[in-house]
Every structure is written in C-alpha cells, then in structure tokens.
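Dear colleague,

I am handing over the structure below, and my notes on what was found in it follow directly after.

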Amino acid sequence: MKFIVPSTALLKQLQLLHGVLASSNTLPILDNFLFEIDGKQLTVTASDLETTITATMPVEAKDKGSVAIPARLLLDTLKAFPEQPLTFNVDAKHHGVAITSDQGTYKMTGFNGAEFPKSPVLEDASTLTLPAGILATAINKTIFATGNDDLRPVMSGIYFEMTEEDIRFVATDAHKLVRYKRSDIQPPKAASFIVPKKPLNLLKNTLASTNADVQVEFNENNAAFRFDNIVLVCRLIDGKYPNYEAVIPKVNPNKLTIDRATFLSSIRRVSIFANKTTHQVRFHINGSQLTVSAEDLDFANEASEKLTCSYEGEEITIGFNSRFILDMLNNLDTEQVILEMSAPNRAGILLPGEPGEHGEDILMLVMPVMLNS
C-alpha cells in the first residue's frame, strides 16, 4: 500500500486527533493511529474505546488497505519536517511503514489495521443540527462547572436537554451550577443525554477552527458529532441528571449590580489572603458600598477592599468560595454583572448585566460558605 500526503496537512489532522489518546491503554493497539486508504481518501482514526475521533483528507493513492502506526513516533517525526510531500510505503504482510521525504527514509513498525477496534454505529439515532459557534460557546461557558466526583459520574459531564422551546446545556458539581440556554434553536423533539468531559474538551478545541454546522446524532448509549471532515463518537454517561431547576432560588430580593472587571480584580487580590482550604471571601453590602474581605486566622493574614456598586435590598453579609466566583466571572463577558441573593445561607445567582446575543440566556449559581461570625 502506497500513498503521498503533504506533511503539514497530515500533522494538523493528527494534532486534532491525538488528544483522545490515553496515557495508559488497556489495548496496546490504541497507542496507534489507524490509517485507512480507500480510493484517493485517507481516513485517520484515534480512540480510547470510550471516545473515537476520525478525520478524512485527500491523498494521492491507488491502493486500498489499512495499517496502525505508532502515534507518538509519527507525531514527533512529522513535527520535524518542513512543508513537503511525504510518501508512505506500507508492507501489507509485515505492516512495516517506510516514509520517504526529500531528506531521506524513515522506517517504523506498524501493526495490523484489522486489530483496531471498530467505531460504534449509532442505531435508531435522533438528529439535531447546531451551528459550531453556538456549540463551542455552550461548552466553554459550562464545562468549568462539571464535577470530578467518581461517586457521582452524572455530574462529570454536560447535560444536553432539549425541550420544544429551546436547548439547554447544564453543568454542576453541587457547589456551583451553570445553565446555558438557546431559544433560537428548535430541537426536533424533547430529549436529553449527558456527554463526558473528555470528548467535549476535544470538541471545544476542534470547533474553534470551523464555521460549519454540527450534526449531532444520539441514541441511549452514544452520541456522534459530525462537521467538516471530522467525526467524533463518544459513549454517553449513564444515569439520571439531578433536578437542577429545583435548586435555583426563584425569589431573590437582594440585587447587586457591579462592573465585572473591577469586581474580578478585587476578588483576585483579596482572595490571596483567604484561608487556603476554604478560599472563603466575604461580601458585605450596604447601600451603594460592597466590602470584599478575606482572612486566614492560622497566619493572621487579612485583606479588605471597598467597591462602589448599585444595590437593591437589605444589608447582607455572605461568604463564597473565591475560586468559584472567579471561574464564573471569567466566563461572563459583559461589562456589568448582577449578583442576586435571598439570604446568607441560600445560593447566589450570577447573571450577565446586559443581554447577550439573540436567543442566549445564561445563569450561574454558586452555593455560599458558612461564615465564622
């Protein structure tokens, strides 16, 4: 089997795929990229059994066949080449791979492509079409709020919830929650599924370079995302997602409006002095003044800043984990933000201060931490 392919074009595709490779695989064949030639098309596949990602590209070829090529060795080799055509000669019997460049020849041991696990086929799948930009934004705005608790695997992914009116992307780890809603997308039917974090991170990186529509196919066990020349198939997280609507407080009479950048900078400075275990910062709001403070009693460290804000409600003192608040403020991109509260022991709601793009609705919730009076 022989084919000719441009070095930088191949490297670009392999760099998109290599994120799926696990550091330790149960099957040694998964340390390889699967190369399949059919006509003048090369299909390259990488997999960790849970997630499989495939890219196709045109090549010069006359043969048909497949071979598994060691991923790390091939990537390191391609990175060292300037832009030029590379000729791959594969020994069909022993699976040896010889790469010929303008500079010389490089030989490596390949493996039988037939041993590579087949990508799952989605039977009885439902289909949804999303613009790449909307899907990328939804992942970016929510993925930081997913959990890492092995005992609650449903919280370690993003919940895709389709209703007749909109599509919602929800992430929570029980301390913080993000709900990103799009009312400008009309799903074909009501449905829901939970996508793990790893394939979503791969998608996020790959979607950055496209404006195409993404075709999402899903059934009970798997989901597939198709766009441009890429197909990503992943196993869904099995289980029932918690009733997130029940934890969002509906009545929040205390409403703080403040400049996002000022608020963010202040918390960043003050939180340096917070306890290293709780990362607790305290907000005291009275009239048009917000006092942000933190202390670490073990080392007698403390810091306090006063900020001007717009506030409707009663005087309140409430504590939050500064890391959660910083994550949320970093993932909002409006000039002003609104923090709605009802009581010091109830969740706070963080909202953008100005409307986003048409059809977009984002809500972030953060649980308070108990204050030592």
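Strands here are DSSP runs of E with at least two residues, numbered from the N terminus.

This is a predicted model, in which local features need pLDDT of at least 70 and side-chain atom pairs count only at pLDDT 80 or more, while totals for chains, interfaces and linings use all residues. Residues are numbered from 1 along each chain as its sequence is written, and side-chain values use heavy atoms, with hydrogens and water left out.

Strand β3 runs antiparallel to β2 (residues 32-38), joined by 5 bridges, and also antiparallel to β4 (residues 51-58), joined by 7 bridges; two strands pair if DSSP finds at least two bridges between them. Thr 45 in β3 is the bridge partner of Leu 34, and Ala 46 stands opposite Ile 53 in β4. The β2-β3 hairpin has 2 residues between the strands, and there Gly 39 takes a positive phi near 65 degrees, whereas in the β3-β4 hairpin, with 3 residues between the strands, Leu 49 takes a positive phi near 80 degrees.

Elsewhere, Gln 103 lies in the loop between β8 (96-100) and β9 (105-109) and counts as exposed, at 53% relative accessibility.

Best regards

Conventions
Helices (H or I, at least four residues) and strands (E, at least two) are DSSP runs, numbered from the N terminus. Buried means under 20% relative accessible area, exposed over 50%, partly exposed in between (1.4 Å probe, protein chains only).
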